Amino acid sequence: MVLRPFNVPGARLALRTKRASPLFQGRRGEGEVVLDLSRLLSRSFHPAPTGIDRVEYVYARELLERIPDRLSFAAVHPAGGYYGRLNSAAVRQFLAFTAAKWRNAGAADAREGRAAIVRHMFALRPRPVPRATGPRLYLQVSPHHLDNADQVGAILRAEGAKFVTLVHDVIPLSHPEYARPQGADEHRRRVHTIDRFASGIIGNSQATIDALVPHMANGLAGRVVRVAHFGADAVDIFGGRGETLPDRPYFVYISTIEPRKNHLLLLTIWRRLVEQLGDSAPVLVLIGRRGWENENVVDLLDRAEALRGHVIEAGEVSDTRMQALVANARAMLMPSFAEGFGMPVVEALAAGVPVICSDIMAHREVGGDAPDYLDPLDGLGWMKAILNYSQPDSPDRAAQIARLSVWRAPTWRDYFDIVIDLLEDVTSSVS
């Protein structure tokens with residue numbers, strides 16, 4: 001069964017074909033939700049977040065706002081094994097600490113920062129799992145331990161809960177050449193866990209759901225499924241001030257440096273721009289850590305003297321610095337070959353920053369008519385667009401800014417309206 005793409009942000013899809021079992025029959029608004037925070041705890045000592053880290057954080061923040069009396073927290077220990085329940089007051093303090101750390105990554109003394117993390121981890125020591133007296137849902141929004149179906153099954157039995165999960169992408173299965181050497185097998189185990197246990201599935205895009213279906217032996221029938229686009233509330237994301245910026249027109253690319261992100265295209269273009277324009281060439285700022293299988297890209301970054309001063313590898317930066325860099329860029333570049341969603345595209349557009357991105361389904365779904373789309377193999381087209389956008393009177397850039405005036409950004413409010421609706425439907429309608 002293939003689910004056809006929707007063209008509007010926050011589109012909804014529900015499939016319900018079974019009646020609820022007596023144990024889980026209940027009225028809407030009565031079910032307990034247990035949010036798994038394994039990913040955030042496992043990343044406690046990392047100064048800057050990944051996109052998945054941010055999503056898990058936003059889930060905790062927004063559900064605390066919406067359903068505080070029905071929300072509990074749990075986690076798998078970073079060393080393995082089910083950690084159990086977490087104290088909600090300690091979770092709130094940990095979330096506040098995490099947000100402050102991300103905003104000012106690298107600013108605090110490293111030893112003091114590590115000591116603070118240890119204190120928070122101690123406060124988050126596990127509590128016993130209370131007996132379920134009514135409907136209970138276990139919500140996991142990261143792939144943290146999904147490759148271990150037996151562990152997930154044991155957690156669900158301990159909790160007496162139905163399982164709801166968020167699928168970010170299926171790229172290691174649809175494009176295994178872009179994954180780590182064992183990435184496809186690991187992701188296949190994750191999808192098997194979802195197929196075996198999930199009563200509810202949230203897709204970050206219709207493209208993700210469509211890619212998931214062929215790998216689900218049991219299909220989607222009998223589950224509650226929703227497509228919900230991540231929010232990009234500009235007031236919540238952008239606003240960095242007082243940061244040092246390049247003194248020439250510049251472009252940004254936010255991404256882990258890995259093969260599917262197509263950094264090699266941009267570095268090759270920038271070398272040509274420098275050959276043609278010298279110090280008049282625009283600057284490229286790369287935000288994100290180095291990943292895997294990147295020998296050619298790393299060689300260019302480390303050894304290409306022609307790119308010195310023209311390509312800045314910023315690495316992992318604080319949220320404040322990232323926001324300032326994006327807000328003042330000529331455009332966000334996103335030439336990736338495959339995406340489940342493309343959060344940097346949406347966040348840049350929401351902040352009024354133009355985007356030039358690859359013409360793939362996920363980008364089209366979330367960007368609509370706003371960005372300029374190019375084939376990720378069209379090097380000459382990308383170079384032409386970059387040259388155009390680098391000019392102060394760029395007609396193409398002005399045209400995109402005009403389109404942005406009517407583009408509607410997906411919001412976290414809309415997103416969690418969909419999520420809450422799914423949780424209620426799983427509680428009351430799925431066996």
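At what angle do helix α5 and helix α7 pack, and how far apart are their axes? Before selecting them, note that this is a predicted model, in which local features need pLDDT of at least 70 and side-chain atom pairs count only at pLDDT 80 or more, while totals for chains, interfaces and linings use all residues. Residues are numbered from 1 along each chain as its sequence is written, and side-chain values use heavy atoms, with hydrogens and water left out.

Select residues 149-159 for α5 and residues 183-197 for α7: the two pack at about 35 degrees with axes 9 Å apart. Helices here are DSSP runs of H or I with at least four residues, numbered from the N terminus, and axes are lines fitted to C-alpha atoms over the stretch in contact, with angles from 0 to 180 degrees between N-to-C directions. Now show A149, D150, V152, G153 and L156 of α5 together with H192, T193, R196 and F197 of α7, which make the contact (heavy atoms within 4.5 Å).

Next, select α2 (residues 51-66) and α3 (residues 88-103), whose axes come within 11 Å and cross at roughly 135 degrees. α2 and α3 are therefore oblique to each other, a label for angles that are not under 35 degrees (roughly parallel), over 145 (roughly antiparallel) or 65 to 115 (roughly perpendicular). To see their contact, display D53, R54, Y57, A60 and L64 of α2 with R92, L95, A99 and W102 of α3.

Finally, select L40, R43, S44, H46, A48, P49, D53, F94, T98, K101 and W102, which line the largest cavity; a cavity is a set of points on a 1 Å grid over the protein atoms alone where a 1.4 Å probe fits but cannot get out, and lining residues have an atom within 4 Å of a point. The largest share of this lining, four residues, comes from α3.

Conventions
On a 1 Å grid over the protein atoms alone, a cavity is a set of points where a 1.4 Å probe fits but cannot get out, and a pocket is an open set with protein on both sides within 12 Å along at least five of seven lines; lining residues have an atom within 4 Å of a point.
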